[in-house]
Amino acid sequence: MDLKLSDAQPTAEERAAVDALLGAPDSGWDGGARLTARDGHVAFGGHAARDQRHLLLPALHALQSSVGWISEGGLMYVCLRLTVPPADAWGVATFYGLLATMPRPRRVLHICDDIACRMKGAKRIIDRVKPEAGNAHHLPEGDTIELTETAWLSSPCLGLCDQAPAGLATIAGPEPLERLIGALTADEAAGFLKTGSVPARPRPKLPQQGDAGLTLLKRVGTVSPTDIAAYESSGGFAALRRAIEIGAAAVIREVTTSKLMGRGGAAFPTGRKWDAVAGQPEKTRYVICNADESEPGTFKDRVLLEEDPFAIVEAITIAGFAVAAQYGYVYIRGEYPLAIERVENAIARAHASGWLGKRIGGADFDFDIEVRKGAGAYICGEETAIFNSIEGYRGEPRNKPPFPVESGLFRKPTVVNNVETLANIPAIVLEGGAAFAQVGSGDSTGPKLFCLSGAVQRPGVYEVPFGATLRGLLDMAGASPASDTRAILLGGAAGMFVSGDQPDFPLTFEGARAAGVTLGSGVIMVFDKSADIPDMLLRIAAFFRDESCGQCVPCRVGTVRQEEALHRLATKKSRLGTAGELALLAEIGTAMKDASICGLGQTAYSAVESAVKKLNLFETAEPR
């Protein structure tokens, strides 16, 4: 590509932020003149761009953290440093919800108004801050927001449903601040916007903290998440030692014997995936820990990353050893600043202690891990969209085949597992796959994490063996009796509603299928009789409409039409009448299910369909 350079210039602050990431330009580098092709034009692309393209998203993050937004001059400087075409870089910058390409104040509060936070009063917080700070989503044309000290933004789920309502405070500058705030009050929100003060409060205890029978959560709240010596004293890295002793093939056999199914929602056999990558002729291989946990109602991976990060680093390294990979990535959603900080610390400490780098454990095994920070795109939780995001492209899913085990990150064989799946690996290696398979029932083996939120007395992450019942888990969390429960959402926004009097069933893959529901990412969100379910459905529809990457027509158009139909039903302003509108909604949903490229569009109608069928939400009305 050959593009005329803009007159916009980066500020010294923007250059410094980018150079801190990429290193100082080569001696004699003159801002792009060395790339000049002819007539003042600059040539972009080619091998240099392909080699450096994967640094694009980190560079955009550096700009955003430095000045609060991505200016034209700053973007052009990134393009010159990476030789990435400006049109490509603009397309990436505008893809992500956390990145701003219009002037924005340095101090911003993201206020979650998603399902759990709506139930807990997020609207009251927004009503309080709106007149004081304005609404950065709906500024009039020409408004000079760059002269305003603060702004607030409504946000999709921030992964703090157990501490709703929630906010994400960000302050750009030389020492940027990003912090999640749970149990946010209107006064605290207003206080941050006025003074920049971030409320401090003790972290909530895990509901089961200290229970002897825990496996995945046994260290949470009891072992320091920043101290590698404390981790080693609690049995840390014993599994990696054992893996190296028994060899890669034996590790894969144990994982296969365990019947460990993926915990991110797809439930694909982990051992089969690892074995497929290990058997590829291509020698360059990758492991990705998918920590882009953005499903509304889901927060289990955040707890593991924040409170037991060394265990995840160890598990990724075992996966790398098993499939003979050389490099691993932890792709963490941008809304999890503490998780990013603690995983980066764990990686650095593991390097210093010889658990990452060259000849790990004295074996002929070299492996490194890098954290990649997402930027606010639910679609990047899809296993092929995450490849594009890491590589520096828009986070759009790829067509399959080829499958990731054959052609994944950088078109090389790649293992992709989510955080909870990997958290099971150390126990499998230490105790054996057969012992792991004895927990649970059928193909649902081992422990399972569930995220309880909404109308429960003790919200939080719960660990139970597969086979525990829905009612039993609700009782653990202090949910109201079935007679006082309006509905339960299983699996998150892409899951399904059941009525409060839904017959009890075991929480297994088989039990969920028999009950006509899905476990999905482990969300169990409870709604009492005061909940406005149609409003929740509208929020779910808005979520999918906003998060659709737009690549395929069924999802891009269908999510919009779905939201419009729900608005007409909720306001009783349909020309078709309720029956006709519901038929149209079903037709839209079927088209999205059958023809969308990826799981986002294929499941965008699931919660809506289940609510319409099981909760009797909309009264029959004649056409207007």
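1. Glu307 is buried, with a relative accessible area of 13%, where buried means under 20% relative accessible area, exposed over 50% and partly exposed in between, for a 1.4 Å probe and protein chains only. This is a predicted model, in which local features need pLDDT of at least 70 and side-chain atom pairs count only at pLDDT 80 or more, while totals for chains, interfaces and linings use all residues. Residues are numbered from 1 along each chain as its sequence is written, and side-chain values use heavy atoms, with hydrogens and water left out.

2. Glu307 lies in helix H13 (residues 300-307); helices (H or I, at least four residues) and strands (E, at least two) are DSSP runs numbered from the N terminus. Leaving aside residues up to four places away in sequence, Glu307 touches Arg203, Val220, Gly221, Val223, Pro225 and Arg342, contact meaning heavy atoms within 4.5 Å.

3. The side chains of Glu307 and Arg203 are joined by a polar contact of 3.1 Å, that is, a pair of N or O atoms within 3.5 Å, of which, within protein, one must be able to donate a hydrogen and the other to accept it, residues adjacent in sequence counting only if both atoms are side-chain atoms.

4. Elsewhere, an open sheet of five strands runs in the order S15-S14-S18-S16-S17 with mixed pairing, two strands being paired if DSSP finds at least two bridges between them. Its edge strands, each pairing on one side only, are S15 (460-465) and S17 (496-499).

5. Strand S16 (residues 485-490) pairs with S17 in the antiparallel sense over four bridges, and Leu489 has Phe497 in S17 as its bridge partner.
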